[in-house]
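The following note sets out points for a colleague to check against the model. Please read each one with the structure open.

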Amino acid sequence: MSRNQVQEEHPTGSVGDTSLARILRIAYPTIITMMSFNIMQFADRTFLAHYKLAHFTAAMPAGIYSFAIFSLFFGITQYVSVLVSQYYGANQRQQCAKATWQGMYFAIFFGLLLIALTPILIQLFDHVQVPTPPGGQTSESFVDSATILA
């Protein structure tokens, strides 16, 4: 098979083409998702800084906690897109559907796991004595808020 035939079958370039532009074209949905989460965190903290500085300082640990949980589950569930892409490229449409549903089951499981772990996380934050701003959230409402964000 000549190089021209490969380029006709693969419009983004040959199979061995690993240019930065091709990698960015493939990875941009993940990059945009992670950027949007960080922009949202920045905007939330900006609004809180204008409201009360104590709430702004309490938002930092909540943001880190929710980002850590979000990144863990998001990273694991990204395997679904890899599997679907592989099956789609191999023209195995039935396997695409199976991988997608397994990803959905996985996401539901992690959501329920996170809800179940919320009481333990509340005790953990009480134990490490997360500072409560004056008139601010207790560790229970802090964990509830961060869990909902994640």
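1. Among contacts in the chain between residues at least 6 apart in sequence, 52% join residues at least 24 apart; contact here means heavy atoms within 4.5 Å. This is a predicted model, in which local features need pLDDT of at least 70 and side-chain atom pairs count only at pLDDT 80 or more, whereas totals for chains, interfaces and linings use all residues. Residues are numbered from 1 along each chain as its sequence is written, and side-chain values use heavy atoms, with hydrogens and water left out.

2. The chain holds five helices and zero strands, giving the pattern α-α-α-α-α along the sequence. Helices (H or I, at least four residues) and strands (E, at least two) are DSSP runs, numbered from the N terminus.

3. Of the 150 residues, 22% count as buried. Buried means under 20% relative accessible area, exposed over 50%, and partly exposed in between (1.4 Å probe, protein chains only). The accessible surface of the chain comes to about 10700 Å², and 67% of that surface belongs to carbon and sulfur atoms; such areas come from the Shrake-Rupley method with a 1.4 Å probe, and for residues only the protein chains shown count as cover.

4. Which residues form the largest nonpolar core? The seven are Tyr65, Ile69, Phe73, Phe110, Leu114, Leu121 and Phe125. Helix H3 (53–89) and H4 each supply at least two residues of this core, and H4 gives the most, with four. A nonpolar core is a set of buried Ala, Val, Leu, Ile, Met, Phe, Trp, Tyr and Cys residues joined through side-chain atoms within 4.5 Å.

5. Trp101, Met104, Tyr105, Ile108, Leu112 and Ile115 make a nonpolar surface patch of about 700 Å². Tyr105 lies in helix H4 (residues 93–127) and counts as exposed because its relative accessible area is 52%.

6. Tyr87, in helix H3, is partly exposed at 27% relative accessibility. Leaving aside neighbours within four places in sequence, Tyr87 is in contact with Gln92, Gln95, Cys96 and Ala99. Tyr87 and Ala99 are twelve residues apart in sequence and 8.8 Å apart in space, C-alpha to C-alpha.

7. Asn91 sits in the loop between H3 and H4. Although not a glycine, Asn91 has a positive phi of about 60°, and this residue counts as exposed at 56% relative accessibility.

Methods: Patches are made of residues with over 30% relative accessible area and no salt bridge: like charges are joined within 9 Å, nonpolar side chains (Val, Leu, Ile, Met, Phe, Trp, Tyr) within 5 Å. A salt bridge is a side-chain nitrogen of Lys or Arg within 4 Å of a carboxyl oxygen of Asp or Glu.
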